2 protein chains.
Amino acid sequence: MNKKPIGVFDSGIGGLTVYRAIKQRLPRERVIYLGDTARLPYGSKSESAIIRFSEENAHFLMNHEVKLIVVACNSSSSYAVPHLQASLKVPVIGVIEPGAQAAVELSRKKVGVIGTSATIMSGAYEAAIRKRNPCLEIVSRDCPLFVPLVEEGWVDHAVTRMVAEEYLVPLKKVGIDSLVLGCTHYPVLSKVIGGVMGEGIRLIDSGVTTAGQVDSILRNLGWLNHDPPDSEDDFYVTDFPDRFRRVGGIFLNRKIARVSVAGN
Amino acid sequence: MNKKPIGVFDSGIGGLTVYRAIKQRLPRERVIYLGDTARLPYGSKSESAIIRFSEENAHFLMNHEVKLIVVACNSSSSYAVPHLQASLKVPVIGVIEPGAQAAVELSRKKVGVIGTSATIMSGAYEAAIRKRNPCLEIVSRDCPLFVPLVEEGWVDHAVTRMVAEEYLVPLKKVGIDSLVLGCTHYPVLSKVIGGVMGEGIRLIDSGVTTAGQVDSILRNLGWLNHDPPDSEDDFYVTDFPDRFRRVGGIFLNRKIARVSVAGN
């Protein structure tokens, strides 16, 4: 098992923030990444569609003999992780549980959760936080325009600040002390989001905590890779490899050499 | 043929503006509408993906024995109409050619074209306008945030006005005299777009011209239906029928009774 790769899937490119955290924590692990760019975004889709897409993505990764699957998309993590855990023979990790864990560790009294409509409607973060600490107050809201704003490249734009104010000022007013960035695109907007929220409110990006959980599961199973990986990481998309190569370079601060098309 | 329905497909809900224009012009025709809500939006997808999705949508409508297919999505019309015309045995009409026809009739000197990234990158409007009048100057640009703003319901919002200014003021400055709304969502933003452009610039919505073309093709073939339709129109989506029913009601100003899920 040690030499086998870790599989990561996302609805598109945002999961690269989770990929990056895994590679920083576990540089010897080889990763196979799948971005379902033909059907993105997942955040505006239904539970049944998200589960079906997630099963197809996981199936693709299993055919590449991965030893563990990370569901890097919050919308998929909200709905599909229990289904995948029940049907697959490898460990499956979503980003919700690690994000909830970080929220419980960092919040004192009232935590905010933002994400896509699908993630917020699922109530997955609320459930995962409540399970750990039933006394924490939780305030959540969906921010559907953040993903298209990131994809448009308006990362530090007056419009983005105005949208962030519209979405976030109500959360600030109710007095949250930390804010879970419940969508992998949102860390790219940290500066704008932090600017609206002010210095006293901590922003929680679940990528780092997720990488920690991958580490401890592989360590416990004795499945960590101890040698340098045999080959480069593989990136697959279901549409538009050129765009993924270009925009992905911005997420990773380096060129992505190989991006192949995976038929879905 | 006269009794058979007209098939209309779109990436989602925007095509209802075209549906509405067809029903106003031809109230005796029964329509089967398919919205590919599981894979929307098409505007950020590649040419090959859009062609594949469009072929699958057309196949679904052909299985319902339609006598003519209207491609109500501009991104699909930009890339897929010639493919569909070559492979299907019924007439196929996109929204680009009728939109270009209207532009040539209404513009005097310089016409603007706005649409999704896929539509603008295709150059389909430019080609269709140039074929009719090589002397018209054409200035085009993509407006990727307009669709998510409509879907968010921010139809008359300060953010939408700011985004519209960012996108459209450069078109106004170069002196266009008309503007093709090259995406079926955009007519919903007519007020904001018109506010930025000012009174001298005509906005062109291709839905009405498309309905006119459907009328004349069916009339020439002798395929018009002369009796009241036998049954209600059918609406199919590939995901989220409840959302389509709710938001679709806003597009049509009436309740949509039956929305079924079509597996794709």
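Contact here means heavy atoms within 4.5 Å of each other. By that rule, 100% of the interface residues of chain B are also interface residues in chain A, so the copies meet through the same surface. The model is predicted: local features need pLDDT of at least 70, side-chain atom pairs count only at pLDDT 80 or more, and totals for chains, interfaces and linings use all residues. Residues are numbered from 1 along each chain as its sequence is written, chains are lettered from A and ligands numbered from 1 in the order in which they are written, and side-chain values use heavy atoms, with hydrogens and water left out.

**How the two chains are related**

**The interface of chain B and chain A**

- The contact involves 31 residues of chain B and 31 residues of chain A.
- Between them the two chains bury about 2,300 Å², with 65% of it on carbon and sulfur atoms; buried area is the accessible area (1.4 Å probe) that two parts lose on being put together, summed over both.
- On the side of chain B that touches chain A, the elements giving two or more residues are α2 (47–62), α7 (146–151) and α8 (158–173) of chain B. Helices (H or I, at least four residues) and strands (E, at least two) are DSSP runs, numbered from the N terminus.
- The most comes from α8(B), with 6 residues.
- By class, this side of chain B has 17 nonpolar, 7 polar and 7 charged residues. Ala, Val, Leu, Ile, Met, Phe, Trp, Tyr, Cys and Pro count as nonpolar, Asp, Glu, Lys and Arg as charged, and the others, Gly among them, as polar.

**The two domains of chain A**

- Chain A is assigned domain 1 (6–94 + 208–261) and domain 2 (97–206); the bounds come from an automatic or database domain assignment.
- The C-alpha centres of domain 1 and domain 2 of chain A are 22 Å apart.
- Domain 1 of chain A gives 22 residues to the contact and domain 2 of chain A gives 18 residues.
- About 1,500 Å² is buried between domain 1 and domain 2 of chain A, and carbon and sulfur atoms give 52% of it.
- Between these domains of chain A there are 13 residue pairs in polar contact, both at pLDDT 80 or more.
- The side of domain 1 of chain A that touches domain 2 of chain A takes two or more residues from each of α1 (16–25), α3 (74–87), α10 (206–221) and α11 (241–252) of chain A.
- The residues of that side divide into 8 nonpolar, 11 polar and 3 charged.

**Salt bridges**

- Over all chains, a search of the whole structure finds 32 salt bridges.
- One of them joins A:D156 and A:K191, whose closest N and O atoms are 3.3 Å apart.
- A:D156 lies in the loop between α7 (146–151) and α8 (158–173) of chain A and A:K191 in helix α9 (residues 190–197) of chain A, so the pair ties together parts that are 35 residues apart in sequence.
- The count between domain 1 and domain 2 of chain A is 1 salt bridge.
- A:R243 and A:E151 meet through their side chains in a salt bridge of 3.4 Å, N to O.

**Backbone features**

- Most residues other than glycine have a negative phi, and most peptide bonds are trans.
- The peptide bond from A:L40 to A:P41 is cis, with omega near -5°, and A:P41 sits in the loop between β2 (31–35) and α2 (47–62) of chain A.
- In chain B, a cis peptide bond with omega of about -5° joins B:L40 and B:P41; B:P41 is in the loop between β2 (31–35) and α2 of chain B.
- B:E65 is not a glycine, yet its phi is positive, near 55°; its place is the loop between α2 and β3 (68–71) of chain B.
- B:N253, also not a glycine, has a positive phi of about 60° and lies in the loop between α11 (241–252) and β10 (259–261) of chain B.

Terms used: Salt bridge = Lys/Arg side-chain N within 4 Å of Asp/Glu carboxyl O. Polar contact = N/O pair within 3.5 Å; in protein donor to acceptor, adjacent residues only side chain to side chain.
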